[in-house]
Amino acid sequence: MYDVKSMAAEEFINDAEIRDTLSFAEANKNNVEMIDQILSKARLRKGLDHREASVLLACEMPDKVEEIYSLAEQIKKDFYGNRIVLFAPLYLSNYCVNGCLYCPYHLKNKHIARKKLTQEEVRREVIALQDMGHKRLAIEAGEDPVNNPIEYILECIHTIYSIKHKNGAIRRVNVNIAATTVENYRKLHDAGIGTYILFQETYNKKSYEELHPTGPKHDYVYHTEAMDRAMEGGIDDVGLGVLFGLESYKYEFAGLLMHAEHLETVHGVGPHTISVPRVKPADDIDPEEFHNSLSDDIFCKIAACIRIAVPYTGMIISTRETKEVRDKIIRLGVSQVSGGSKTSVGGYYEPEREEENSAQFDVSDTRTLDEVIHWLMTRKYIPSFCTACYREGRTGDRFMSLCKSGQIQNCCHPNALMTLKEYLVDYAAEDTKELGERLIQKEIENIPSEQVRRIVTERLALIEKGERDFRF
Ligand code: SF4
Ligand code: SF4
């Protein structure tokens, strides 16, 4: 039976409740009165539950869909302003003992080179990432207790944080590794990670078991309860995600929100982020084989409905998506994007040889980080390399209460300007620099507090002179 407070996966993600929600949404998708009531509630910016949000997702009335989009845009502006946080993935190892049918790293795939970065290679990759301007990484590794034990992951985190090259530094390491034990989550917490990210892939248990026929990941319950163990281990910023295209998107959407509701109810903190990847081509993987692939329009609608349902949760989009899709979806609610990404093990320091082919998926947006930054600024966004919150102890419920009161904006906006300034001084191409300097000058005027404006102006001058890492 459905129970949001239960610690049992099949009770807080309950199949019958999801199916009931989908029937309810289908029955009410043209119910103007109900949709208006839901939109009115959403305008309070306190979010929606999985049932209400599912009705919006099911709605196809063009004028109401327009309202959904414009509300999502407004909520995005209210909570995140015009800032977009940048990050890059760093693949440490593609050894994996699982049999996931949608991922080229699955154990039986013999076409790809298996690689695991040594600490020296991690160093080289991180220096290359620092030289691009990155400050925030998401490390990724397949599940393999022999090749990628927790000690290896911890050693890599330690190496990454220890590298200070020129003015560069990786200031936040988010971790995307397989579901593990409370004890291992505690070790990750103690190593100073930012967010622990684990994609559910699909919330549908039957599909999940079919898509993960072999390996420890086959265990749906263990995987679905991972975030509760992570929180028990002291990690209070967790990132959810599903791989859209594996199951019906409406089912995944309801499951995702139920998971968020469960975390909020039980731990007092909802997910820090939600990622919205879609199945993409890769070695041994043809997305056409998955019959639930989504159109770009539906994908954007999902993002808008997530933005409305969980206004305080950051939303992440990767370079799996094209520039055109990223352009549209950022407006509707995405707050973090990757840029200049390589999805192979290694590849930042020197391009991978074609025959090695260790990429997890094909990158659709192949622009350099500088091109992405330039593009964001032409769209009037402020690219941000801010990593301040967790370094200032603003995590979990402390972070969420600042977010919900809107006070976090007083940190995000000046931090975005100062970290952008660092980027412009240290790494930007000439035309990016010119555009960025003009943007910063204009944006300083939008800082409401005179005192903060003065401090930021002073700090920007100090950054010009070589000082780094100011933050609110
Ligand atoms: Fe391994 Fe993760 Fe790929 Fe599955 S999705 S094969 S667990 S790397
Ligand atoms: Fe993110 Fe906190 Fe920086 Fe705002 S101040 S951009 S919430 S890290």
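How many residues does helix α3 have, and how far does helix α3 reach from its first C-alpha to its last? In this predicted model, helix α3 spans residues 32-43, which makes 12 residues, and its end-to-end C-alpha reach is 16 Å. That value is close to the 16 Å expected at 1.5 Å a residue.

The sides of this helix can be told apart by burial. I35, I38 and A42 are the buried residues of α3. Viewed down the helix axis, these buried residues fall within an arc of 60°, so they line one face of α3. An α-helix has 3.6 residues a turn, so residues three or four places apart point the same way. On the other side of α3, the exposed residues are V32, E33, D36 and S40. After α3 comes R45, which has a positive phi, near 65°.

A step back to the whole chain gives the setting for these details. The protein contains 20 helices and 11 strands. Its radius of gyration is 21 Å, close to the 23 Å that the globule rule gives for 472 residues, so the protein is as compact as a globular protein of that length. Along the principal axes, its C-alpha atoms fill a box of roughly 60 × 55 × 40 Å. Buried residues account for 51% of the 472. Among contacts between residues at least 6 apart in sequence, 77% join residues at least 24 apart.

H111 counts as exposed because it has 8 C-beta neighbours inside 10 Å, where the cut-off for exposure is 12 or fewer. With residues up to four places away in sequence left out, H111 touches D283 and D284. Between H111 and D283 the C-alpha to C-alpha distance is 7.7 Å, although the two are 172 residues apart in sequence.

Two ligand sites can be described next. Around ligand 1 lie C96, N98, C100, C103, Y105, H106, G142, E143, A178 and K217. Sorted by class, this shell holds 5 nonpolar, 3 polar and 2 charged residues. For ligand 2, the surrounding residues are V85, S384, C386, T387, A388, C389, I408, C411, C412 and N415. The shell of ligand 2 has 7 nonpolar and 3 polar residues, with no charged residues. Two helices, α16 (388-391) and α18 (409-426), each supply at least two residues of that shell. The largest share, 3 residues, comes from α18.

Helix α17 (residues 396-405) has F399, M400 and C403 as its buried residues. These cover an arc of only 95° around the axis, which puts them on the same side of α17. The buried residues of α17 pack against α16, a helix that also supplies at least two residues of the shell around ligand 2. G406 follows α17 and has a positive phi, near 85°.

Methods:
Residues numbered from 1 in each chain as written. Chains lettered and ligands numbered in written order. Predicted model: local features only at pLDDT ≥ 70, side-chain atom pairs only at ≥ 80, totals over all residues. Helix = DSSP H or I, 4+ residues; strand = E, 2+ residues; numbered from the N terminus. Expected span 1.5 Å × (residues − 1). Buried ≥ 20, exposed ≤ 12 C-beta atoms within 10 Å, placed from the backbone. Arc of directions from axis to C-beta. Near = placed C-beta within 6 Å. Nonpolar A, V, L, I, M, F, W, Y, C, P; charged D, E, K, R; others polar. Rg over C-alpha atoms; globule rule 2.2 N^0.38 Å. Contact = placed C-beta atoms within 7 Å.
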